Amino acid sequence: MIQDYLRRIDERDYTVGIIGLGYVGLPLMWTFHKKDMPVLGFDIDTHKVKCVNEGKSYIKHLGDEMMSALAKSDICEATTDFSRIPEADALLLCVPTPLDQHREPDMSYVVNTTEAISKYLRKGHLVVLESTTYPGTTEDVMIPILEKTSGLKAGVDFFVAYSPEREDPGNVNFNTERIPKVVGGSGEDALTLAKAMYDVAIVQTVPVSDCKTAEAVKLTENIFRSVNIALVNELKMVFAAMDIDVHEVLDAAATKPFGFMKFSPGPGLGGHCIPIDPFYLTWKAREFGVHTKFIELAGEVNTAMPDYVVNKTVAGLNKFKKSVNGSRILLAGLAYKPDVDDMRESPTFILMELLEKMGATVEFFDPHISFIHPTREHEKYNGKKSVEWSKEVIQSFDAVIVVTDHKAVNYDDLYDWSGLIIDSRNVYKGRNGKVLKA
Ligand SMILES: NC(=O)c1ccc[n+]([C@@H]2O[C@H](COP(=O)([O-])OP(=O)(O)OC[C@H]3O[C@@H](n4cnc5c(N)ncnc54)[C@H](O)[C@@H]3O)[C@@H](O)[C@H]2O)c1
C-alpha cells in the first residue's frame, strides 16, 4: 500500500497535516509549503488559525513575509475543524508536553490530540508525534488510543512514527529545513513513509531503529544541554569566589580544537525545553528502578541560579547603602533567550517573585514583549507592561538586572543611564565599576 503514498509524496500530491501551530508547528508548515507540499494546519486556538489564514504574525521572529505568503498560498490553510483530518495524508503532532504541578509529565495535550484525531483516522494515514516526550509514548500511549477508537491496526491500516523537533527559535543559522531530522518508525513501512515525507522538506533525515530510540535521542540532546549549563553555572560561582572571570576562562578554553564545547552560564534555565524535558526521563526511569542523579543534580544547580543573581543584587545595593526592600529594580529582558518573544519558563519571572517577596518594586523591559500574556504559572503578572525605554525611566531604578541579552537593546545607553547593573549575561564584558557580574 505504501508504494502509492511514496509516489504521491514524490509528486507533491500528499497533504501534510500539522496539529499544533506554535513555535514548532508553524515553521514546519512553512518548511513543507516551501517545497510545494500541500499543508493543512490544525489548532484549537482560533486566534492562531485566523492569523495563519489572514497573514498576521503571532511569533515575532518568524516575520511577516512568511505569514503573508502562507495566507496567499492556495496549497496551505489552517483550521480548527478536526472533521477535516481525513483530508490530510500525514498528521504531525506538535503539541505541548509540559510538566504538571508535581513536576511530572503532563501528557494531556498528546492524549487529547490523539483522541481527537482517532475519531477521524482513516486507512493509509501516517501519524507522527513530534512533541518531546519519554521513550514509549508513541507506541504505548498513542497507538492504543488510535487503534481502539478507529478499529484500525497500526502498521497494517495506518502508520505511526516519532520524529523529534530540534527547532531552535531565533537561530538564524539553522532553521527547520536545515536541521537534520531523526525518525523512528513503528515498523518498517512507517519509517519508509515518514522518511520519504521529511526528505522532501528537510536537508537530511536520520533513521533510527524504532520510536523509543528516536524519543530517547531528543531527551539525550536536551539533558546534555541541561547538565553542561549546570556545570558552567557551578564554575561561574566557584571562579567568582576566586576573582576569576568565568567568561574569560570559557572563551580561552573554547580555543581548544577538540574535546571541549562551550556553554554559557546564565541567570537560570528558561524555555519550553531544557528546564522540562530532562524530567520526562527522570519520571520514566523510576518505572525501571533507575535513578537519574545527573539530571536531578543539574536541575538543582540550575534552579538555584536566580538566588545567586538575587544575592549579587543584594551585595550591589549594599555598596550604595541600600536594601532590596524599598528599592526599584528593573529586569532587562523577559524572553528566556535573546532575540525572541518567548517568555515561557523565563527566569525573569522567578527573579520578579524573589525580589518582590523581599520588598522591592520590580518592573521589566523587553523590546520583543510589550506586555505579559496570560500564563498559568504566573497569573499575578498577566497584563504587566514593559516599561518605556527612556533615560528618565531607566534612571528611576536603583538597580538593573540584565537577564536576557537581546541585540535590540542599546546596552551602552543602559550603562550610561543606570547607577548599578547586575549582569548575568556578560553583556558588559571587561567593564567594572557600576557593573557586578552575576
Ligand atoms: N519551542 C521550541 O523551541 C521547541 C523545540 C523543540 C521541541 N519542542 C517541543 O515541541 C512541542 C511543541 O512545542 P511548541 O513550542 O511548538 O509549543 P506551543 O505552545 O508554541 O504550540 C503548541 C500548539 O499546540 C496547540 N494545541 C494544544 N492542544 C491542541 C490540540 N488538542 N489540538 C490541536 N492543537 C493543540 C496550542 O494551541 C499551540 O498553538 C513540545 O513538545 C516541545 O517540547 C519545542
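How much area is buried between domain 1 and domain 2, and what percentage of it do carbon and sulfur atoms give? The answer is about 710 Å², with carbon and sulfur atoms giving 37% of that area. Please keep in mind as you read on that this is a predicted model.

**Domain layout**

**Where the domains meet**
- Contact between the two involves eleven residues of domain 1 and nine residues of domain 2.
- On the domain 1 side, the residues that lose the most area to domain 2 are Tyr23, Lys60 and Pro169, which together make up 62% of what that side buries.
- Turning to polar pairing, five residue pairs are in polar contact across the interface of domain 1 and domain 2, both partners being at pLDDT 80 or more.
- Sorted by class, the domain 1 side that touches domain 2 holds six nonpolar, two polar and three charged residues.
- The count of salt bridges between domain 1 and domain 2 is one.
- Lysine 337 and aspartate 168 form a salt bridge, and their closest N and O atoms are 2.4 Å apart.

**Around the ligand**
- There are 26 residues around the ligand, and those that come nearest are Val24, Asp43, Lys48, Thr97 and Arg344.
- By class, this shell consists of twelve nonpolar, seven polar and seven charged residues.
- The side chain of threonine 97 has an N or O atom 2.6 Å from an oxygen atom of the ligand.
- For arginine 344, a side-chain N or O atom is 2.9 Å from a ligand oxygen atom.
- On its own the ligand has 830 Å² of accessible area, and the protein covers 93% of it.

Definitions and conventions:
Residues numbered from 1 in each chain as written. Predicted model: local features only at pLDDT ≥ 70, side-chain atom pairs only at ≥ 80, totals over all residues. Heavy atoms only, no water. Contact = heavy atoms within 4.5 Å. Buried area = accessible area lost by both parts, 1.4 Å probe. Salt bridge = Lys/Arg side-chain N within 4 Å of Asp/Glu carboxyl O. Polar contact = N/O pair within 3.5 Å; in protein donor to acceptor, adjacent residues only side chain to side chain. Nonpolar A, V, L, I, M, F, W, Y, C, P; charged D, E, K, R; others polar. Near = heavy atom within 4 Å. Areas by Shrake-Rupley, 256 points an atom, 1.4 Å probe, with all protein chains shown as cover.
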